[in-house]
Amino acid sequence: MSEQLNDQYWMAQALEYAKKAEQLNEIPVGAVLVKDNQLIAAGYNRSITDNDPSAHAEMIAIREGGKVVNNYRLIDCTLYVTLEPCSMCAGLLVHSRIQRLVFGAADEKTGSAGSIMNLLQDPRLNHQVEVEAGILGELCGQTISDFFKRRRQEIKAAKKALRDLKA
């Protein structure tokens, strides 16, 4: 299987985890951690559910992966995530020595793998992460856009219901 087809396969798996986040009314971001073409860990956003600002999909997958390999270094692992990591998660990828990051949708507001900064490949750091962007990017981006569109509609409907109640 070509690397691109392999990347698409694993990104599709990450999208399945993003659906789990959405079922919790969390921002639908999913991540899978792969070593030797085997899934070793996965995660999805749980910040609201867990009352934990660090409970991003990447953070959860990497924490689980460290336990699976019994090491805080995740050498020769690839992380697939549906949205470009923020600076917190990008820093975690560097510290955990992830070899490669593959992400779907760019994040123009907080993306730290090339959008607002590229923390993962800063030569001043003691580790750089290989980055592949845009794998199933349209689908990943549409998943997040649809979620926020639905949330805005729900908020608008709730405000209208409140106004109607007062009238």
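A residue counts as buried when its relative accessible area is under 20%. The views below all show a predicted model.

**View 1. Residue L15 in its surroundings.** L15 belongs to helix α1. The relative accessible area of L15 is 9%, so this residue is buried. Apart from its neighbours within four places in sequence, L15 is in contact with T82, L136, L139, C140 and T143. L15 and A31 lie 16 residues apart in sequence, while their C-alpha atoms are 7.8 Å apart in space.

**View 2. The packing of helix α1 with helix α5.** Two packed helices are described by the angle between their axes and by the distance between those axes. Helix α1 covers residues 3-23 and helix α5 covers residues 137-166; the two pack at an angle of about 10°, and their axes are 11 Å apart. Angles under 35 degrees count as roughly parallel, and α1 is therefore roughly parallel to α5. On the α1 side the contact is made by M11, L15 and E22, which meet L139, C140, T143, F147 and R150 of α5.

View 3. Strands of a sheet pair through backbone hydrogen bonds, in either a parallel or an antiparallel sense. In this model, 5 strands form an open sheet with mixed pairing, in the order β2-β1-β3-β4-β5. Strand β2 (38-44) and strand β5 are the edge strands, each of which pairs on one side only. With direction ignored, neighbouring strands of the sheet are turned by 15° against each other on average.

**View 4. The antiparallel pairs of strand β1.** Strand β1 (residues 30-35) and β2 run antiparallel and are joined by 6 bridges. Within this pair, A31 has G43 in β2 as its bridge partner. Strand β1 also runs antiparallel to β3, to which 5 bridges join it. Here V32 stands opposite Y80 in β3.

View 5. Strand β3 (residues 77-83) pairs with β4 in the parallel sense, over 5 bridges. Two positions illustrate the pairing: T78 has R100 in β4 as its bridge partner, and L83 stands opposite A105 in β4. Together with helix α4 (residues 87-95), strands β3 and β4 make a right-handed β-α-β unit. Both strands are mostly covered: 7 of the 7 residues of β3 are buried, as are 6 of the 6 residues of β4 (residues 100-105).

View 6. Strand β5 comprises residues 130-133 and pairs with β4 in the parallel sense over 4 bridges. In this pair, R100 has E130 in β5 as its bridge partner. R100 is also the bridge partner of T78 in the pairing of β4 with β3.

Terms used. Residues are numbered from 1 along each chain as its sequence is written. This is a predicted model: local features need pLDDT of at least 70, side-chain atom pairs count only at pLDDT 80 or more; totals for chains, interfaces and linings use all residues. Side-chain values use heavy atoms; hydrogens and water are left out. Buried means under 20% relative accessible area, exposed over 50%, partly exposed in between (1.4 Å probe, protein chains only). Two strands pair if DSSP finds at least two bridges between them. A crossover is right-handed if, with the strands pointing away from the viewer, the path from the first strand over the helix to the second runs clockwise. Axes are lines fitted to C-alpha atoms, for helices over the stretch in contact, and angles run from 0 to 180 degrees between N-to-C directions. Angles under 35 degrees count as roughly parallel, over 145 as roughly antiparallel, 65 to 115 as roughly perpendicular and the rest as oblique. Contact means heavy atoms within 4.5 Å.
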